[in-house]
Amino acid sequence: MENDNAGGLSAAELKDLRCVAGMMVPASTEYAVPGADDAAIFADIVNSLGRDLGDVRRALSTLSSLAGGAFAEQDVSRRETAAAAFRERGGAEVAALSRAVLQCYYRDDRVVRSLGLEPRPPFPKGHTLEQGDWSLLDPVRARPKMWRDAP
Amino acid sequence: MNETVDVLIIGAGASGAAVAWSLADTRMRILCLEQGDWMKPTDYPTNGRDWEARLYSDFATSPNRRARPADYPINDDNSPIKVVNFNGVGGSTIMYTAHYPRLHPSDFRVRTLDGVADDWPVDYATLEPFFAENERMTGVSGLAGDPAYPPKQPPMPPLPLGKSGARFANAMNQLGWHWWPSDTAVATVEYEGRAPCINLGHCTPGCAQGAKASTDITYWPAAIRAGVELRTRCRVREITVNEHGMASGAIYYDADGVEKFQPAEVVVMACNGVGTPRLLLNSVSGCFPGGLANSSGLVGKNLMFHPYAQVFGYVEEPLDSNRAPPLCLWSMEFYETDPSRDFVRGYAFQFGRGIGPVTEAIFSDADGRLPWGKDHHRVYRKLVGRRIGLSAICEDLPEEHNRVTLDPVLKDGHGIPAPKVDYTLSSNSLRMMDHGIARAKEVLAAAGATNVGVHSPILNGGWHLLGTARMGKDPSRSVVNEWGRSHDVKNLFIVDGSIFVTSGGVNPTCTIQALALYIADSMKQRLATLFD
Ligand SMILES: Cc1cc2nc3c(=O)[nH]c(=O)nc-3n(C[C@H](O)[C@H](O)[C@H](O)COP(=O)(O)OP(=O)(O)OC[C@H]3O[C@@H](n4cnc5c(N)ncnc54)[C@H](O)[C@@H]3O)c2cc1C
Ligand code: SF4
């Protein structure tokens, strides 16, 4: 597999991570989007673990122990039960695993486009913001002074 | 050995920059030591596709998570609110959200008006010209005429209302409650060579456009042009004293990690409400065995954060989300004490426009609102771009058990003891937060939002670091006098958020900087008798 040892994970950990990423955000024909286990998205996830590497490793190990064996090797219902129990526990590992997947998934060009957004960084183009109707302030302008005089 | 300077400023953040600029016209030799480096606008997250993710890595608001070489760790395990900051030229203004209200006149007289805490030794009227000067130097946008404040004139027009702002405005009008476009330290037009805001919408981790007024692009260029020297990547370990009990300079580690001594006639502390008490407590000597300037025993005590009660919900139509500066309006409806409530003092509301797609996914996943599996996409599409929220910024009253001390074990990269924070929410704060949450839910209902969520207090919401070296006239009840000079050490000044006597219920930086200008001005008025 192209990501072997990438990001400091073993082949087994990569397999588990890809499996749980696909469970978290599966591909959808209805919304015409890939899953988080898509090759490009998964490569981004693995390369972006950074400060979360330790917690993600611990998360994968917890998932496997909850599933009673290597997570990716279990049948769907075992994995789903383990994933639900894992999420229920909360804490740093759960947060790190979700963040590792979601921060890459929701910056993929295909996914961003599917949301009706432009796949680009905010700078330098920026955005436009409508001025809005400042007459909304009229009732507030008409209020008497609200601050307290301080001796 | 380094040559003696007239004034040594420690910390190049909000207050350090302001005091350096103001003192520069004395033509004294002024040096600032800053542990961090200059920021490059091209390094800010909005330049890249990973702009949201970097809020969790090298632009995390928590120094413990960010862990750059310039950062020092903070043990905040014993606090429901975690400290956030930034260490570099500009200090925490590099990462602030630039919401820029002044404290109100009543905030300086809480004992007289409401019978709690202490009055400040300065008042709003004294600070008024310094507020105005600071807003001109910083470049503030806003609208004159707010009935919640004495008259003031921000130098630039306000940020647009946008869709999110208009929705809140309508809701507040329906309820008959005060709201106003926030004073914001963001340029809305070309200002003193700075480009206007183009709505990158991700102001917190640095503004690549240069529209947000961090002090590296406001005060510092002017101070340096006027002759101030700023030495970066220099981490101060302690302030030294001479045989007369006067500050003699500082020991620091330079960019190569080499220990150096910088002699000085005057030392000005500007390391913020956590960094300053940390350094003072680490500056132990025969004259000052309990830490420098600490005869009152109050250095590090009375830490105030402003607990934030955040409430948010979702509307049907997409709003401005991340596509504009995040904060747009404030409300002072519940700011002043009302004896019919079950708490003293009050809070401001700040209104948020929304958040970006990655942040929405991460937050909603953490809250259990966003499922894993097949239904993920359907639910996410009902959330993304549709979140609006508001936070009650609750006045935190000073309590001595809320404090910064030195951690006995944890150290920074130079072996300097790390600060340890012990903090609990008072019952007054908790009641105020509950009130804020209930009112915020009414606002969201009026704004047509459902699926309401609450974060109270915001966990990583320790962005306002106040009170740990308070001002006062009584040396047994305060650390510095009414113009920022230590009661104990007559050539030691403190200008950062530590000197706040009470916190008010608004973001503090505008007041921190006005105070720094006022202290600099007081020093200039007294140059001949500064140490008397
Ligand atoms: C995420 C975030 C959002 C915020 N949003 C807002 C907002 O919207 N509105 C608002 O009013 N405020 C906001 N703030 C708070 C605001 O940034 C601070 O109130 C303000 O910057 C404090 O000014 P200061 O001078 O006290 O300290 P800082 O600006 O923190 O500066 C302290 C400086 O001292 C340096 N230093 C510390 N110790 C040493 C040492 N030992 N040696 C050398 N240098 C040292 C640090 O590196 C730093 O540069 C926010 C802060 C954060 C982190
Ligand atoms: S929204 Fe405006 S101030 Fe904020 S980062 Fe963008 S350009 Fe800068």
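Gln74(A) is buried, with a relative accessible area of 15%; buried stands for under 20% relative accessible area, computed with a 1.4 Å probe on protein chains only. The model is predicted, so local features need pLDDT of at least 70 and side-chain atom pairs count only at pLDDT 80 or more, while totals for chains, interfaces and linings use all residues. As for conventions, residues are numbered from 1 along each chain as its sequence is written, chains are lettered from A and ligands numbered from 1 in the order in which they are written, and side-chain values use heavy atoms, with hydrogens and water left out.

**Around Gln74(A)**
- Gln74(A) lies in the loop between helix 3 (53–67) and helix 4 (76–89) of chain A; helices here are DSSP runs of H or I with at least four residues, strands are E runs of at least two, and both are numbered from the N terminus.
- Not counting residues up to four places away in sequence, Gln74(A) touches Ala67(A), Gly69(A) and Arg79(A), where contact means heavy atoms within 4.5 Å.
- From C-alpha to C-alpha, Gln74(A) and Ser64(A) are 9.0 Å apart in space, and they are 10 residues apart in sequence.

**Ligand 2**
- The residues surrounding ligand 2 include Cys197(B), Cys203(B), Cys207(B), Lys212(B) and Pro325(B), given that a residue is near a molecule if one of its heavy atoms lies within 4 Å of it.
- By class, this shell has eight nonpolar, three polar and one charged residues; Ala, Val, Leu, Ile, Met, Phe, Trp, Tyr, Cys and Pro count as nonpolar, Asp, Glu, Lys and Arg as charged, and the others, Gly among them, as polar.

**Helix 4 of chain B**
- Helix 4 (residues 124–138) of chain B bends by about 25° at Phe130(B), the bend being the angle between axes fitted to the seven residues ending there and the seven starting there.
- Among the buried residues of this helix are Tyr124(B), Phe130(B), Phe131(B) and Glu135(B).
- Its buried residues pack against helix 1 (14–24), helix 6 (219–225) and helix 11 (509–525) of chain B.

- Thr359(B) belongs to helix 8 (residues 357–366) of chain B, and it is buried, with a relative accessible area of 10%.
- Leaving aside neighbours within four places in sequence, Thr359(B) is in contact with Glu52(B) and Tyr56(B).
- Val489(B) is buried, with a relative accessible area of 0%, and sits in the loop between strand 15 (450–455) and strand 16 (492–494) of chain B.

Conventions. Buried < 20%, exposed > 50% of the residue type's maximum accessible area, 1.4 Å probe, protein only.
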